[in-house]
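Thanks for coming, everyone. Please take a moment with the sequence and the model before I start.

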Amino acid sequence: MDLWKAGMSETLMPAGVRKHWSVLGKVIRDATPRYRLDNPFDRPAGQSTNGLPTIDQYDAYFLTVKESEILLAACPPHIRDLVIVALGTGMRLSELLGLRVKAVSLNGKSPAVFVVKTLSRTGGLSAPKSRKSRRPIPLAPRVVEVLRRLIAGKNGNDFVFTSPSGLAWDANNFRNREWRYVVARAQRCAEHPPKIRKVGNGSELDQVKSLAVSTCGCPTRLHQRPRFHDLRHSFVAYLISAGFDFLAIQQIVGHASIKTTFDTYGHRLAEHDKKLLGKLNKLLPKAAQVVDLEKFERDRSARAKKRKGKGEVAPFIAGLKFAA
């Protein structure tokens, strides 16, 4: 089994190895003890782990307003609007791709989109991630302008965002054929273009060129490689900078618990909010409290020093109003 795990680790990420292990373990468990006496996928007696690779926690990338503009400039026209709405709503990719015209309300004093369906991996519509994920999201004027143009002339059941062929997006295709090339373009500097190492020829060389990035320290390019989900993290950072409280943020982004909001974004709080956080933590039910508040504050203080654009209101949420 150790050799099999090592072989999988050469071609799969730790999460992939663990998924394969889990599925096969369930299959063998159903066959035990009728077809064999033990399940080799169970954790050995007396051992604390089963030797599977550890999944490293991803450190969220919060884009500054300037970095967001660099990213948008690298987007081709057919996905730029999608990225703007992601930055202005914090919606997950599956929620954006499953958004239909009838779930968009732009008339009245409180324009909003309503997350009621998501696009599943099989291409069909499914329920959101959790009950709290079914939510209205208030819209800033810039996002309203983009959505009004996108839904003009469409029917209620039509998707707001479609691929260049006019069909629904496939999330994997979007990430592999669009997003990673956008990020690579955003990481290139016009004054210091990347040096291309010749690999193969034809399409293989073209792909190497398309994904090559600069290595200079110029501020005109991205220096990290954001995931699409980091647009959601960046949106929350914009809300915090604009003065939105954490209860409002929890409702907007659809977290099942406000503790999740604190644990994920608490370090973005300004220094003067430290005492308020302590008071709020004491008011929360024990199950929702931040257990080690002192450590939480130390981590928040350390990461707050790295904040950029403090007090800057992102154009994606400028004018956004929310009443909890």
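Is Trp169 buried or exposed? Trp169 has 8% relative accessibility, so Trp169 counts as buried. By buried I mean under 20% relative accessible area; exposed is over 50%, and partly exposed lies in between, with a 1.4 Å probe and protein chains only.

A word on the ground rules. This is a predicted model: local features need pLDDT of at least 70, side-chain atom pairs count only at pLDDT 80 or more, and totals for chains, interfaces and linings use all residues. Residues are numbered from 1 along each chain as its sequence is written, and side-chain values use heavy atoms, with hydrogens and water left out.

Back to the aromatics. The structure holds 7 aromatic pairs. In one of them, the ring centres of Trp169 and Phe174 are 5.3 Å apart and the planes stand at 85 degrees, so this pair is edge-to-face. The rule for Phe, Tyr and Trp (its six-membered ring) is centres within 6.5 Å; planes under 30 degrees apart are stacked, over 60 edge-to-face, and the rest tilted. Phe174 is buried, at 0% relative accessibility. Phe174 also pairs with Phe228: centres 5.6 Å apart, planes at 90 degrees, again edge-to-face. Phe174 lies in helix α7 and Phe228 in the loop between α8 and α9, so the pair ties together parts that are 54 residues apart in sequence. Helices here are DSSP runs of H or I with at least four residues, strands are runs of E with at least two, and both are numbered from the N terminus. Phe228 is buried too, at 5%. Trp169, Phe174, Trp179 and Phe228 form one aromatic cluster.

Next, charges. How many salt bridges does a search of the whole structure find? It finds 8. The test is a side-chain nitrogen of Lys or Arg within 4 Å of a carboxyl oxygen of Asp or Glu. Take Arg142 and Glu69, whose closest N and O atoms are 3.6 Å apart. That pair links distant parts of the chain: Arg142 sits in helix α6, Glu69 in helix α3, 73 residues apart. Arg142 is partly exposed at 25%, and Glu69 is partly exposed at 33%. Now a local case. Asp263 and Lys259 meet in a salt bridge at 2.6 Å, N to O. Both lie in helix α11, 4 residues apart, about one turn of the helix. There is also a network: salt bridges that share partners join Arg92, Glu95 and Arg135.

Stay with Glu95. Glu95 is in helix α5, residues 93-97. At 1% relative accessibility, Glu95 counts as buried. Leaving out residues up to four places away in sequence, Glu95 touches Val115, Lys117, Thr118, Ser133 and Arg135. Contact means heavy atoms within 4.5 Å.

Now the sheet. Strands of a sheet pair through backbone hydrogen bonds, either parallel or antiparallel. Here 3 strands form an open sheet in the order β1-β2-β5, with antiparallel pairing. Why is one side of β1 and of β5 left without a neighbour in the sheet? Both stand at the edges, each with a single partner strand. Pairing needs at least two DSSP bridges between strands, and 2 bridges join β1 to β2. Val104 stands opposite Val113 in β2.

Last stop: Arg148, in helix α6. Arg148 touches Leu106 and Asn107, again not counting residues up to four places away in sequence.
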